[in-house]
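Welcome! Take a look at the protein below, and then we will walk through a helix and some charged side chains together.

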Amino acid sequence: MEVLLHFQSLKLDQIQNHNNCGFPSLFSISKCLKQRILFSGYGFSFNKTKWKKNPFWKIKCCSLDQGLQPRPKLKQAKVDIDVSGRSNFVRRPSVGLCSQIEKLVLFARYREALDLFEIFEIEGGFDVGISTYDAVVNACIGLRSVRGVKRVFNYMINNSFEFDQYMRNRVLLMHVKCGMMIDARRLFDEMPERNLVSWNTIISGLADVGDFMEAFRLFLIMWEEFSDAGSFTYAVMIRASAGLELISIGRQLHACTLKMGIGDDIFVSCALIDMYSKCGSIEDARFVFEEMPEKTTVGWNTIIAGYALHGYSEEALDMYYEMRDSGVRMDHFTFSMIVRICARLASVEHAKQVHAALIRHGFGSDIVANTALVDFYSKWGRIEDARHVFDKMTSKNVISWNALIGGYGNHGRGPEAVELFEQMLQERMNPNHVTFLAVLSACSHSGLSEHGWEIFHSMGRDNRIKPRAMHYACMIELLGREGLLDEALALIRGAPFKPTANMWAALLTACRVNENLELGKFAAEKLYGMEPDKLNNYVVLLNIYNSAGNLKEAADVVHTLKRKGLRMRPVCSWIEVKRRPHIFLSGDNRHPQRNEIYQKVDKLMLEISKYGYVPNQKTLLPDVDEQEERVRFYHSEKLAIAFGLISTPYWVALQIVQGHRICGDCHEAIKLIARVTGREIVIRDASRFHHFKHGHCSCEDYW
């Protein structure tokens, strides 16, 4: 479908003055859309006579074509034959059975209700009332059962049920809610009479499945017929404009709601906040939120999500605390959002507060919020806390399993990840491609070659999942860890698809660790063609040349960087102490305790030199300013560690976060610092977690 749209934008302050007669009406929106939208596929024409006569002449029911099989033929009901030869169904009373079905639906026991309804289908001839049909419609909607929809609807047709307007709308809603939009469109088109409920049902269904332009088309036809719409309709159309990312249409709809006096409606306000957020105008979203006469849970959640969407994590967290202080009830969506925001801010203390609040508000068993907590604790060095939350969950989905398996892998605990994966299979939870990526990554990080290859081959053999590029990258890393670079290259060339950048990047990393200059140069050239402006690829090759002593080639790489205008950026490391983040750059002099920090670093360097530490002058950090190499003793991670040692008790493990891959010199130094201080040091860098303890690192010197 080709869409050409052009609208005049309205300023929000103009919209606020809704008594201005110059505002666009729905007639103007209709006129703009009709003049600027080209449709194909439904035989649509703007010839008014032809459109009103049969607007959807190409639409047909194709539920059977989608693989849905009809139920077996029902038994013939008992009949009487009169003297004229006509047969009449004997309508048997069914008050007791109907009452039972309605009660089951009332208590949300939908499957049992449909099982009981099967008696009607098998025996036939029962007198079923509207209230019972209404109940089984609710059961089908509650179960989202396509088969149930076909059973109920076929029974109604076969028993010559006389539909009134209410039941036509209910049957239409049943098809829409169960995703049977083709059948729903046929039913809608065949309706002898449509009211606003009919139009709202089909339009909202189209918006739900993402067919926003079709929703707008029907909305304009509805407006021509009724010249009226309620708050629900406007909320749906505002959501459709957000889906199309057309803020101009959203602003015109906003103006219309103000003119009609429904601008303060809760559903409309929340839809507007969502629309402005998704269209990139968070200021307008905040304006609408502040103008809400009653700020509901959904309203708070929507504005918080808007801030988070645009990367304003601190502002989103502030809004959460305002929501808490206002006394508005928070739901599981609130908590799951805030946990993810805490993950973005790397704030363990804030996340622990949210965890406690989640339990206090009665969502301790909520699968969405708890999965977010497992993911957070896994990503920020609290893998034991993640396992504790996971074990307490009464129900788990595949995302819950993936989060913990991936957490074990990132922390270098491959055996636990494989064990958890096997437990997942034993509990008959079907893994997906993300599951295999998590467990294969765990095997590659821990060097579990035998397990890795067995799991890799089981993807297609046992689970009918085709390995993707990221799965191949894990296996390339696994081969590289074992020094099998020729086999890694053969795996890339034998892949059933064109090798991707992450596959070549895995080979380049393997060449750096194994100091294979020629193959590393080959992999780097492949990466340059795919990612010519990615700085890290050049720096890894530069490190390979420096390590091999090829200064001329290293100088050529530096010249290429300057020619392309790729500048290595300053990087930082940070540590959270007493719920406050402390950020350090290499050679940083801004911290108020800088004198103590530098004295601590000097003391540590002196102590570890007794254990054989000698600064490595050959490697550069990826994406790091060259000037920082002159302050090698005072790299950002060393400053953060020194501050952590002087600011926390001796039994507390240090948690450091940095945005770059840790350099070889710092990696060797921190292993010895962990040994001489007896402290556990956990560093999350751009590639994985490094757990330094007793002079060893969990990555086993491969990162």
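Is helix H22 mostly covered or mostly open, and how many of its 13 residues are buried? H22 is mostly covered, with 11 of its 13 residues buried; buried means under 20% relative accessible area, exposed over 50%, and partly exposed in between (1.4 Å probe, protein chains only). This is a predicted model, where local features need pLDDT of at least 70, side-chain atom pairs count only at pLDDT 80 or more, and totals for chains, interfaces and linings use all residues. Residues are numbered from 1 along each chain as its sequence is written, and side-chain values use heavy atoms, leaving out hydrogens and water.

**Helix H22**
- H22 covers residues 398-410; helices (H or I, at least four residues) are DSSP runs numbered from the N terminus.
- From first C-alpha to last, H22 reaches 18 Å, close to the 18 Å expected at 1.5 Å a residue (1.5 Å times one less than the number of residues).
- Among the buried residues of H22 are Trp401, Leu404 and Tyr408.

**Salt bridges**
- The whole structure holds 27 salt bridges, each a side-chain nitrogen of Lys or Arg within 4 Å of a carboxyl oxygen of Asp or Glu.
- Arginine 239 forms one with aspartate 208, their closest N and O atoms being 3.1 Å apart.
- Because arginine 239 lies in helix H12 and aspartate 208 in helix H10, this pair ties together parts 31 residues apart in sequence.
- Arginine 239 is partly exposed, at 31% relative accessible area.
- Glutamate 112 and arginine 109 also meet in a salt bridge (2.7 Å, N to O).

**An exposed glutamate**
- Glutamate 314 lies in helix H17 (residues 313-326).
- With 55% relative accessibility, glutamate 314 counts as exposed.

Terms used:
Helix = DSSP H or I, 4+ residues; strand = E, 2+ residues; numbered from the N terminus.
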